[in-house]
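Hello,

Here is the structure I promised to pass on. Please open it first, then read the notes below.

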Amino acid sequence: MRRLVTDTMIIAERNLVRLPRKPELLIAFTVQPIMFVLLFRFVFGGAINTGGVPYVDFLIPGIIVQNIAFGGFVTALGLNEDVHKGLIDRFRSLPMARPAVLAGRTLADVVTNFISICVLVITGVIIGFSFNAPVLHVIAGFGLLLLFGYAFSWVFALVGLLASTPESANSVGFLAVFPLTFISSAFVPVSSMPAVLRAFANVNPFTVVVDAMRSLWIGTPAGNYVWGSVVWALVILAVFAPLAVARYRRAAGT
Amino acid sequence: MSTVPGSTPAPPARVGAETAITVRGLVKRFGEVRALDGVDLDVRTGTVLGLLGPNGAGKTTLVRVLTTLLTPDDGTASVVGLDVVKEAASLRHRIGLAGQYAAVDENLTGLENLTMVGRLYGSPRAAAKRRGAELLERFDLVEAGGRITSTYSGGMRRRLDLAAALVAKPAVLFLDEPTTGLDPRSRISLWETIEDLVAEGTTVLLTTQYLDEADRLADAIAVIDHGRVIASGTADELKDRVGGERLEIALEDPADLDAAVTALTALAAETPTGEGSIVSAPVRARSGAIAEAVNRLTEQGIGVDDINLRRPTLDDVFLSLTGHAAEGAAEPAAPETA
């Protein structure tokens with residue numbers, strides 16, 4: 001167990017050291033969401049009716065959840081690269097704790113996710129977003145985002161190990177995550193959708209997490225959303241972490 | 001039975017410290033394909049075994065099984081007395097692997113790479129860093145040690161990769177095509193390093209497509225094809241197996257190749273082989289061979305560009321054993337000739 005913690009930290013360190021050295025990656029994962037924020041706030045926002053809630057308040061929690069789901073791409077692309085460059089073989093030939101390569105990667109994602117959440121919150125505040133909830137709820141919101149993002153990093157870890165190329169890892173991720181995030185309550189109220197989409201959106205875990213975030217940050221009714229999203233995150237973790245570790249153990253790549 | 005001893009019998013397999021690697025009846029399947037089809041192999045401690053074979057013969061699969069990256073389907077293998085399946089965790093402390101690709105993290109510096117590997121072997125950070133600095137010195141990378149490895153040349157990356165494989169002073173070192181893609185100078189410098197390691201007592205298993213590499217480095221050679229060891233012994237033993245001297249004839253016109261093979265069959269000890277414009281024929285007797293060959297070819301109106309008698313090389317061994325030339329990845333597997 002101690003080995004696992006130490007090795008995980010070594011790998012996480014390795015993955016974080018690269019951030020300042022390869023800033024393109026971080027920029028890609030922050031500039032694009034900022035553009036989305038501005039696009040929805042100023043281009044589409046005026047046409048979207050969110051009842052009594054100002055659209056900017058409605059939007060920020062939603063777009064941050066979408067962004068956090070994409071945060072795991074760093075893991076998918078990085079692992080895929082490691083597989084093809086032979087680094088995974090090197091790690092697997094070392095007497096290190098087996099899950100550490102994946103655990104270290106996903107742990108590093110938590111740090112990058114935290115950075116991008118902060119960037120988006122600051123952007124939001126600049127264009128008029130304001131928290132309308134007790135401080136504890138706001139902090140709990142950050143925690144929930146990081147937990148959900150962490151769970152999604154394990155999904156992407158599996159994608160990265162299975163994909164034949166970084167490009168295919170990319171497209172698999174996009175194909176899965178894009179519809180999931182857009183057919184949810186992230187950008188528009190679910191009630192405005194046609195019946196079929198509405199039914200999907202209502203059971204979509206993204207809707208649950210987005211609604212939980214709104215309740216924690218802008219004080220909309222909480223329902224069971226917060227607990228529901230914690231359960232979702234744990235279920236995703238419980239399914240995908242073992243799958244990814246099993247895949248890693250077996251032999252990544254050829 | 002896959003180990004075919006050379007003309008002199010191979011030394012019997014000994015147990016204990018004498019044998020660093022023991023492989024018996026090893027099988028690994030990928031779906032329908034039997035990548036390893038009953039491999040038997042012994043490598044004595046402190047020696048270099050060169051594993052030769054065409055692409056897809058099973059060399060890399062064997063290395064991956066021996067370094068605990070793949071689990072075999074049948075048979076047993078042990079390295080330094082540790083079973084590669086049951087004692088994999090202990091074994092990983094004792095081996096080093098430098099694979100076909102220089103497996104270095106391109107976003108880390110040379111020193112950071114080595115330090116990371118050392119820490120993953122369980123060393124504290126300071127000790128890992130010291131060992132890393134030591135290895136940088138040994139591999140002539142001191143100046144580059146503080147640079148991000150994405151700026152390294154191919155040769156530097158290979159050296160760093162080999163250094164990473166040596167971090168824990170492994171008893172057995174596995175090198176999977178260590179010099180593929182290197183320029184001649186880097187190859188020779190890597191060979192010298194490997195020779196130094198062997199002099200210090202490290203056992204090395206080396207796969208290669210370059211026969212000169214095997215000839216220079218290997219104490220013993222195993223030729224592997226279709227997942228089986230089809231011959232093993234020292235380079236000299238293998239050369240003797242192919243037969244005595246060979247007549248090598250360069251034709252003026254490659255179109256004459258088949259006719260030349262036919263014309264020479266009568267004087268050759270076994271069917272001559274032809275590649276491009278070169279015919280190679282083992283001869284029964286040295287004296288008069290050149291004159292007779294030239295006569296026969298001239299009778300058929302075949303022009304000779306060059307002709308010489310020479311001792312067989314490992315290339316000949318390879319060709320006669322596997323039915324195709326080494327590094328012949330581009331051509332389809334030739335029909336069985338032997």
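Chain B has 338 residues, and 48% of them count as buried. Please keep in mind that this is a predicted model. Eleven helices and 14 strands make up the secondary structure of chain B. Take the contacts in chain B with a separation of 6 or more: 66% of them join residues 24 or more positions apart.

Now the sheet. In chain B, four strands form an open sheet, in the order E2-E1-E4-E5. The pairing is antiparallel. Strands of a sheet pair through backbone hydrogen bonds. Which strands stand at the edges? They are strand E2 (33-44) and strand E5 (82-83) of chain B. Each has a single partner strand, so one side of each is left without a neighbour in the sheet. Strand E1 (residues 19-30) and strand E4 (residues 74-79) of chain B run antiparallel and are joined by five bridges. To find your way there, look for B:Arg24, which stands opposite B:Thr76 in E4(B).

Next, the contact between the chains. Chain B gives 24 residues to the contact, and chain A gives 18 residues. On the side of chain B that touches chain A, strand E6 (95-98) and helix H3 (110-120) of chain B each supply at least two residues. H3(B) provides the largest share of that side, four residues. By class, the side of chain B that touches chain A has 14 nonpolar, seven polar and three charged residues.

Then the cores. In soluble globular proteins, nonpolar side chains tend to be buried together. Here the largest nonpolar core has 150 residues. Which of its residues touch the most other members? They are A:Val65, B:Leu66 and B:Leu205. Helix H7 (residues 135-162) of chain A gives this core its largest share, 14 residues. Follow B:Leu205 for a view of the packing. Beyond its neighbours within four places in sequence, B:Leu205 is in contact with residues including B:Ile21, B:Val43, B:Leu66 and B:Phe174. There is also a second, separate core of 13 residues. Among them are B:Leu251, B:Leu264, B:Ala281 and B:Val283.

One last residue. B:Leu238 lies in helix H8 (residues 235-242) of chain B. Why does B:Leu238 count as buried? The cut-off is 20 or more other C-beta atoms within 10 Å. B:Leu238 counts as buried because it has 27 C-beta neighbours inside 10 Å. B:Leu238 is 17 residues from B:Ile221 in sequence, and their C-alpha atoms are 8.3 Å apart in space.

Best wishes

How values were computed: Residues are numbered from 1 along each chain as its sequence is written. Chains are lettered from A and ligands numbered from 1 in the order in which they are written. This is a predicted model: local features need pLDDT of at least 70, side-chain atom pairs count only at pLDDT 80 or more; totals for chains, interfaces and linings use all residues. Two residues are in contact if their C-beta atoms, placed from the backbone, lie within 7 Å. Ala, Val, Leu, Ile, Met, Phe, Trp, Tyr, Cys and Pro count as nonpolar, Asp, Glu, Lys and Arg as charged, and the others, Gly among them, as polar. Two strands pair if DSSP finds at least two bridges between them. A residue is buried if 20 or more other C-beta atoms lie within 10 Å of its own, exposed if 12 or fewer, and partly exposed in between; C-beta atoms are placed from the backbone. A nonpolar core is a set of buried Ala, Val, Leu, Ile, Met, Phe, Trp, Tyr and Cys residues joined through C-beta atoms within 7 Å.
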